[in-house]
Amino acid sequence: MRASLASLEGRSFDIVVVGGGINGAAAAQAAAAEGYNVALFEKGDFGSGATARSSRLLHCGLRYLVPGGPLTTFLRHPDRFLRAVMTVSRSMAVRSDFVKTQPERVKPIRMHYPIYADGPYAPWQVDSAFLLLRGLGERGVPLDYRRVSAARARTEQPFIPWLRDQDKLRAVACYTEYQIDWPERVAIDMVLDLERLGGLARNYSPVVGLARDGAGWNVTVADAETGERAQLRAAVVLNLAGVWVDRVNALMPQPVSRRITGTKGAHIVLRLPPECHGHGVAGVNRGGRPFYCMPWRDLHFFGPTETLYEGDPDDVFVDAADLDFLLAESNHLLPGLPIRRSDIVSTWAGIRPLTFAADQPMGARARQISDAASEGAAGLVTLSNGSLGAHRATGRDVLAVAARHVRPSHPPAPLSRAAAPLPDRQNSPRLDPAHAVTRADVIEAVRREQARTLDDVLSRRTGLAWSSDQGFAAARPAAGAMAPLLGWDEARIAREIAAYQKGMAHLHGVPPLDQPAPEAVTG
C-alpha cells in the first residue's frame, strides 16, 4: 500500500534507500529482514531504469573470462585475472541461489559459442574456462557443457549453418544459461516483501534534498505527481540510484567524488525461425567485446553495443549509429541469416552505471561500494556497477557497509524469496486473447503494487510490453480497469493510452532512416 507523503513528514528511519531498481530493492529487503527501519524511494517506477534494460541474463560468468583481447592479457595483468575469478565465483553462486529459490522467474536457455581456427581462443582454452566455472561450483545448477565438432553441430543445432567462415569453424561450445523473465517483476517482488517485513516503499518519489548534520541525515522527498514534499530523518542513506547516483550526491551541500561512468548498451529484437526457440549464440564483436543473439520469449535480440553515454539518462533509445552497428555485427555473426532493417520488431537501450575511474574513459567494471565518511559524509553509501544477477549478494554487501553506522531497531525476521502470488483470476476476463493476463492482475497492480500509469502495468507488472505486440492490444482494457481505482475519466484514459503508445515508439521503435547519428565513443 502506498503511504501518503504527508504521513512521512518528520519520521525517522534507520536507513533510507534511494533507487528502487533491483539492487535498491534487494538492499532494502535485506535491511528490513535484519530489523532495520527502512524506507525506499524511487524517482520513477520500481525497476524502470537499468533493471528493465539489461540483457536479462543470469550470467554464469563466462564473459568475465574474456579479457577483451588474447588470454595473454591476463598474464600481463594478473590482478585482472584474480578479479575475474572472484567475479566468476560470485556469478556462479548467485546463479545457483536464484535458480533454486525463485525458479518461476527464470528460464533455461541453450547458448552456443563458435570456436574458429583464427579466433582468439583455442578449443582447449574454452574447455579450461568451463572447467574453471565448474571448479568454482555449479551448486546443483549444471552448465551442461559440451564441445562438439563443427560437422556435428551443423546437423544438431540451429544457427550453426548460418555462422560466418564455415571453413574456419573448428567446434562449438554449448552450455546452459538462465534468463530472468522479467527482472522488473523481481524488483517488485522484493518491494512487496519489504513492505511485508514492515518497511516502507514509494515510487514516483524523487529525493530532492540531502544534507547531513551532527545527528544524521535530513532527506527531502517529493511526490512526482503533485509536487508535495516531506522531510524525514535517516541515520544512513544508501544511494543505489544507478546512473543517477552522482546527481543524488550533488544534492548535498558538500561535494563528494564522482562515482559513475555511464555506457550505453543497445539491442534489436527480431523474430527468427521456430527451430531457434530457446537457443542463442554467444560471440565476440569485431571490437573484441561480447555480442549475443539471445532468445527472448518467442523472439530473439541481438546486442549489446558499448558506447560512452553522457546524455539524459531518462531518455535512452536506440539511435541510427546504434542500429548501424547492431545490423553490421548481427550480419557478421550470422551472415547466413541476412538481417535487414525491415526485420526488426523492436529495440531497446539502457545505461550501465559503471564505476568511474580517471584512467578508464569507458569506466571500470569492478563493482564498488563506497562509504563517503572520509569525505565528510558519514553514513552515505553508494553503489556503482551493481549487476543484475548478483543483486542479492550486492544487497547484503551494501548492508554490511551500512552496519558500520547504524544498528537495527527491531529483531530480525526471515525474508521471502517467493514470487508474489497471482490474484484470483476466476471469472476475470483476459485483457487480450493472446495472453493469460486478466483484469484481476491490473486491479492487483494498482491496489497492492503501486502502479500509477498504464506503462507501469503493461511494462513492469504484467510484462506485456515485452511481448511481440508490445501490449498494444491490452492497452485499452488495462486502462479501463485502472480508471475507477485511480479516478480517471475518459479523457485521462485516452491520454494514458496515447502516452504509452508514444513512449513505446520512442524507446522501443526503429529509428528513422533520416535520423542523424551522433558521434559515439566506443570501447
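These are my notebook entries on what I looked up in this structure, which is a predicted model.

**Entry 1: the cores**

I began with the nonpolar residues and found that the largest nonpolar core has 61 residues, with Val16, Phe41, Trp217, Val219 and Phe302 making the most contacts inside it. I then took Val16 and, leaving aside its neighbours within four places in sequence, listed its contacts as Ala39, Phe41, Val219, Leu232, Ala234, Val236, Val237 and Leu238. There is also a second, separate core of 43 residues, and I noted Ile15, Ala31, Leu40 and Leu194 among its members. As a general remark, in soluble globular proteins nonpolar side chains tend to be buried together.

**Entry 2: a pair of helices**

How do the axes of helix H3 and helix H9 cross? I looked at H3, residues 78-101, and H9, residues 391-402, and found that their axes come within 9 Å and cross at roughly 110 degrees. Because angles of 65 to 115 degrees count as roughly perpendicular, I wrote H3 and H9 down as roughly perpendicular to each other. On the H3 side the contact is made by Arg90, Val94, Asp97, Phe98 and Thr101, and on the H9 side by His391, Arg392 and Ala393. Sorted by class, this contact of H3 with H9 has three nonpolar, two polar and three charged residues.

**Entry 3: salt bridges**

Side chains of opposite charge can pair when their charged atoms come close. My search of the whole structure for such pairs gave 35 salt bridges, and I followed up three of them.

In one, the side chains of Arg259 and Glu375 meet with a distance of 3.1 Å from N to O. Arg259 is in the loop between helix H7 (245-249) and strand S11 (260-270), while Glu375 is in the loop between strand S18 (368-371) and strand S19 (380-384), so this pair ties together parts that are 116 residues apart in sequence. Are the two partners buried or exposed? Arg259 counts as buried at 7% relative accessibility, whereas Glu375 is partly exposed, with a relative accessible area of 28%.

In another, Asp371 forms a salt bridge with Arg404, and the closest N and O atoms are 3.6 Å apart. Since Asp371 lies in strand S18 and Arg404 in the loop between H9 and helix H10 (439-447), the pair ties together parts that are 33 residues apart in sequence. Arg404 is exposed, with a relative accessible area of 58%.

In the remaining one I followed, the side chains of Arg461 and Glu449 meet at 4.0 Å, N to O. Arg461 sits in helix H11 (residues 454-461) and Glu449 in the loop between H10 and H11, 12 residues apart. Both partners came out as buried, with Arg461 at 5% relative accessibility and Glu449 at 7%.

Val148 lies in strand S5, residues 146-149, and it is buried, with a relative accessible area of 5%. Not counting residues up to four places away in sequence, Val148 touches Ala153, Gln157, Ala171, Val172 and Cys174. I also checked Val148 against Pro114, which is 34 residues away in sequence and 10.0 Å away in space, C-alpha to C-alpha.

Ser149 is found in strand S5 as well, but at 38% relative accessibility Ser149 counts as partly exposed. Ser149 touches Arg170 and Ala171 when residues up to four places away in sequence are not counted. The C-alpha atoms of Ser149 and Arg170 are separated by 6.4 Å, although these residues are 21 apart along the chain.

**Entry 4: backbone details**

Which peptide bonds did I note as cis? The bond from Asp181 to Trp182 is cis, with omega near 0 degrees, and Trp182 lies in the loop between strand S6 (169-180) and helix H6 (183-196). The bond from Gly303 to Pro304 is also cis, with omega near 5 degrees, and Pro304 lies in the loop between strand S14 (299-303) and strand S15 (307-308).

I then looked at positive phi values in residues other than glycine, and recorded Arg56 with phi near 65 degrees. Arg56 is found in the loop between strand S2 (38-41) and strand S3 (57-58), and at 0% relative accessibility it counts as buried. Asn385 has a positive phi too, near 55 degrees, and its place is in the loop between S19 and H9. Asn385 is buried, with a relative accessible area of 17%, which I checked against the cut-off of under 20%.

How values were computed. Residues are numbered from 1 along each chain as its sequence is written. This is a predicted model: local features need pLDDT of at least 70, side-chain atom pairs count only at pLDDT 80 or more; totals for chains, interfaces and linings use all residues. Side-chain values use heavy atoms; hydrogens and water are left out. A nonpolar core is a set of buried Ala, Val, Leu, Ile, Met, Phe, Trp, Tyr and Cys residues joined through side-chain atoms within 4.5 Å. Buried means under 20% relative accessible area, exposed over 50%, partly exposed in between (1.4 Å probe, protein chains only). Contact means heavy atoms within 4.5 Å. Axes are lines fitted to C-alpha atoms, for helices over the stretch in contact, and angles run from 0 to 180 degrees between N-to-C directions. Helices (H or I, at least four residues) and strands (E, at least two) are DSSP runs, numbered from the N terminus. Angles under 35 degrees count as roughly parallel, over 145 as roughly antiparallel, 65 to 115 as roughly perpendicular and the rest as oblique. Ala, Val, Leu, Ile, Met, Phe, Trp, Tyr, Cys and Pro count as nonpolar, Asp, Glu, Lys and Arg as charged, and the others, Gly among them, as polar.
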